[in-house]
Amino acid sequence: MTYIHAIKGSLLAFAIFVSVAILVPGHGPSDEVQLILTISTFLFAIIAGFFLTRLNTRYDRVRELVASEDALFLSFYRASIFFGTNFKQIIGKIIDKIYILSFDYDLGKYYKHNSQYIDSIYDELAKVKKLKNEKALNLFDDMVVMLTDLEDNRNKSTVITTERLTKGHWSVMLTLSAIIVFSIFYLKTEAIYSQVISILLSTVVVLVLLIIRDLQNFKHGGELLLSESGQEMFEAVGKLRYYNKRDLDSGVIKVPAHIKKYRLGLHKPGEKLNIKVVTNK
């Protein structure tokens, strides 16, 4: 199913409101309805402003953590060459599995599924022979710190991503939105300016709701958060990019035109991996 992001959704709402403005006549000025509109608009502004601030802060924080996680994985992989080509190849394969899972599951949910591969990295690092060279020993310590920082970032991301609007929050927002839109169309007149303003104000209300939803789902602008950064990790470890068919079908991820070949996941999260190589046309 195609994901309808805020801009596309508001355009759809605009078209619907144009039809409503034409088909449904307004009743003109009404003191009671104007009072209801004033109160509901005031409450909507306060609540929506609070949620937007919270969710935007959450979005920015998770973006920082995910970018930091990508950077740590990349640094760890490149540093692994100092312990031999074989060790680097093993780490590359583990990182590849970690990132495949990260694209299969929603942000914040994949950590518990790929934790076994993080443990595998610790196991491989523990197999490294005793180091007598001081520089190699310092590098070993740095790599352990990288893994510690990775775990710290993963735990923080997991906690932050669980903070979502509840059904009660959405009920309040949707109720206030419905009251506002109803009041706007009730008060409109046959004048052109009244029709236009009614359509635009109602569309903006829907736009605010959809922006809140996009921020909550980490799909601001209709695209998955930092998907390109994660895809570049596949290239860094010498693997083809990986995309899950579900994300391509929904439109939250797009394959760049310069990518000639990529791996396509045909499975659903939790199912046995079913991946094929696809040529990008």
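**Reading the cores and the outline of a predicted model**

Mentor: In this predicted model, the largest nonpolar core has 35 residues, of which Phe73, Phe76, Ile95, Tyr99, Ile121 and Met143 touch the most other members. A nonpolar core here is a set of buried Ala, Val, Leu, Ile, Met, Phe, Trp, Tyr and Cys residues joined through side-chain atoms within 4.5 Å, where buried means under 20% relative accessible area, exposed over 50% and partly exposed in between, with a 1.4 Å probe and protein chains only.

Trainee: Which elements give two or more residues to this core?

Mentor: In soluble globular proteins, nonpolar side chains tend to be buried together. Here the contributors are α2, α3 (85-104), α4 (111-126), α5 (134-161), α8 (227-236), β1 (242-244) and β2 (261-265), and α3 gives the most, with eight residues. Another core, of 25 residues, lies apart from this one and includes Val33, Ala48, Leu176 and Val208.

Trainee: With which residues is tyrosine 99 in contact, leaving aside its neighbours within four places in sequence?

Mentor: Contact means heavy atoms within 4.5 Å. On that basis, tyrosine 99 meets Glu69, Asp70 and Phe73, and also Gly230, Met233 and Phe234, once neighbours within four places in sequence are set aside.

Trainee: How should I read the basis of the model?

Mentor: Residues are numbered from 1 along each chain as its sequence is written, and side-chain values use heavy atoms, with hydrogens and water left out. Because the model is predicted, local features need pLDDT of at least 70 and side-chain atom pairs count only at pLDDT 80 or more, whereas totals for chains, interfaces and linings use all residues.

Trainee: How many helices and strands does the protein have, and why is it described as more spread out than a compact globule?

Mentor: Helices (H or I, at least four residues) and strands (E, at least two) are DSSP runs, numbered from the N terminus. The protein has nine helices and three strands, and its radius of gyration, taken over C-alpha atoms, is 25 Å, well over the 19 Å that the globule rule (2.2 Å times the number of residues to the power 0.38) gives for 281 residues, so the protein is more spread out than a compact globule. Along the principal axes, its C-alpha atoms fill a box of roughly 85 × 40 × 30 Å.

Trainee: Is proline 29 buried or exposed?

Mentor: Proline 29, found in the loop between α1 (6-23) and α2 (31-79), is exposed, with a relative accessible area of 70%. Its C-alpha atom is separated by 5.3 Å from that of leucine 187, which is 158 residues away along the chain.
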